[in-house]
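I opened a new notebook page for this structure. The entries below follow the order in which I looked things up.

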Amino acid sequence: MDETIAEFIKRTILKIPMTEMTTILKAWDFLSENQLQTVNFRQRKESVVQHLVELCEENNASLNDAALLDIICEDVDLFDMKQFKSSFKKVLQRALKNVTVSFRDAEENAVWIRIAWGTQYTKPNQYRPTYVVYYSQTPYAFTSLSTLKSNIPLLGQALTIASKHHEIVKMDLRSRYLDSLKAIVFKQYNQNFETHNSTTPLQERSLGLHVNMDSRIIHENAMEKERVQRVTQETFGDHPQPQLEFAQYKLETKFRNGSILAEREEPLRCLIKFSSPHLLEALKSLAPAGIADAPLSPLLTCIPNKKMNYFKIRDK
């Protein structure tokens, strides 16, 4: 690939917001899905761009390829952060006489918003603000838990109008760790990997078995452990998991025929909650530790793909 084309592609990619990077690259359709999976989009933007340029060199990108990428980038509406802030503030202040809104620009085209809520008759409470992180050109916003639930619809309206999106997506996903929420929502976290990082074949790894154990039992144990490792890897991959503290499941089901309570009209309701300082890593370790069978239930492993850790399970 010519150096001028490489420089043109580099400058074009640098203009793309990180939150739009994968969307635009997939629309370009020049790099394969396997190539894109080799890119760590969570590292510094300069490193991401360098890796992408190298992939373009591997594919011997032409001037027409580079021009198509530039056209796709131009097709994306440019986001005016100044206009977003002004519009967001106006919506809140028109609805509430007493409200304080403060902004702080952050990396990756994000803006932190601090809102101190008041009413028509009381001043804003500066000790109980709501914090919002909004990423430009996306329909997603991350909010802290608000003590004034009545203001949540107004907050959503302000975000929708200011961002010029049809709606701000509401998701049943909660965590204290913003980076983990970002990784899940923006798909910066890839759950499935095709290769294993370890250079030692599974058959050669120590199984911790007694040397005098029957060779047939050793073989069966080795095969089972290899199966568990393979299934766990296919489900979670080798990379660190996004950090979530819990997953909550609300179950509502009717009693079945044959049960002494089958005639009861009121359904059975229960709440199950799994909690851990690092829930997904804990789930990943269950089968290899022999605590659970592999594969785990999809209700436990689907959390990153479904982008939620609050579930409601009802009869179909």
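This is a predicted model: local features need pLDDT of at least 70, side-chain atom pairs count only at pLDDT 80 or more; totals for chains, interfaces and linings use all residues.

In which loop is the place of P295? I found P295 in the loop between α10 and α11 (298-301). Helices here are DSSP runs of H or I with at least four residues, strands are runs of E with at least two, and both are numbered from the N terminus.

Residues are numbered from 1 along each chain as its sequence is written, and side-chain values use heavy atoms, with hydrogens and water left out.

Entry: the cavity. I worked on a 1 Å grid over the protein atoms alone, where a cavity is a set of points that a 1.4 Å probe fits but cannot leave, a pocket is an open set with protein on both sides within 12 Å along at least five of seven lines, and lining residues have an atom within 4 Å of a point. Grid points are joined across faces, edges and corners, and a volume is the space filled by probe spheres set on the points. I counted 1 cavity of 30 Å³ or more. The largest cavity holds about 60 Å³ of space. A294 and P295 are in its lining, and others there include V231, F236, K284 and L296. Two or more lining residues come from each of α9 (215-236) and α10 (279-286); α9 gives the largest share, 4 residues. I sorted the lining into 9 nonpolar, 2 polar and 1 charged. For this, Ala, Val, Leu, Ile, Met, Phe, Trp, Tyr, Cys and Pro count as nonpolar, Asp, Glu, Lys and Arg as charged, and the others, Gly among them, as polar.

Entry: the sheet. I found an open sheet of 4 strands in the order β1-β2-β3-β4, with antiparallel pairing (two strands pair if DSSP finds at least two bridges between them). β1 (99-106) and β4 are the edge strands, each pairing on one side only. Neighbouring strands are turned by 20° against each other on average, direction ignored. Between β2 and β3 I noted 6 bridges, and I113 has V132 in β3 as its bridge partner.

Entry: helices on the sheet. Contact means heavy atoms within 4.5 Å; axes are lines fitted to C-alpha atoms, for helices over the stretch in contact, with angles from 0 to 180 degrees between N-to-C directions. Helix α6 (residues 81-95) touches β1, β2 and β3, and its direction makes about 160° with that of β1. α7 touches β2, β3 and β4, at about 25° to the direction of β3.

Entry: the largest pocket. I read about 1100 Å³ of space in it. Its lining has 34 residues, with T143, S144, M171, L173 and R174 nearest the centre. β2 (110-117), β3 (130-135), β4 (141-143), α7 (152-163) and α8 (178-185) each supply at least two. The lining divides into 21 nonpolar, 7 polar and 6 charged.

Entry: positive phi. D29, which is not a glycine, has phi near 60° and lies in the loop between α2 (21-28) and α3 (33-37). N60 has phi of about 55° and lies in the loop between α4 (45-58) and α5 (63-75). Is D29 buried or exposed? D29 counts as exposed, at 62% relative accessibility. N60 is exposed at 53% (buried is under 20% relative accessible area, exposed over 50%, partly exposed in between, with a 1.4 Å probe and protein chains only).
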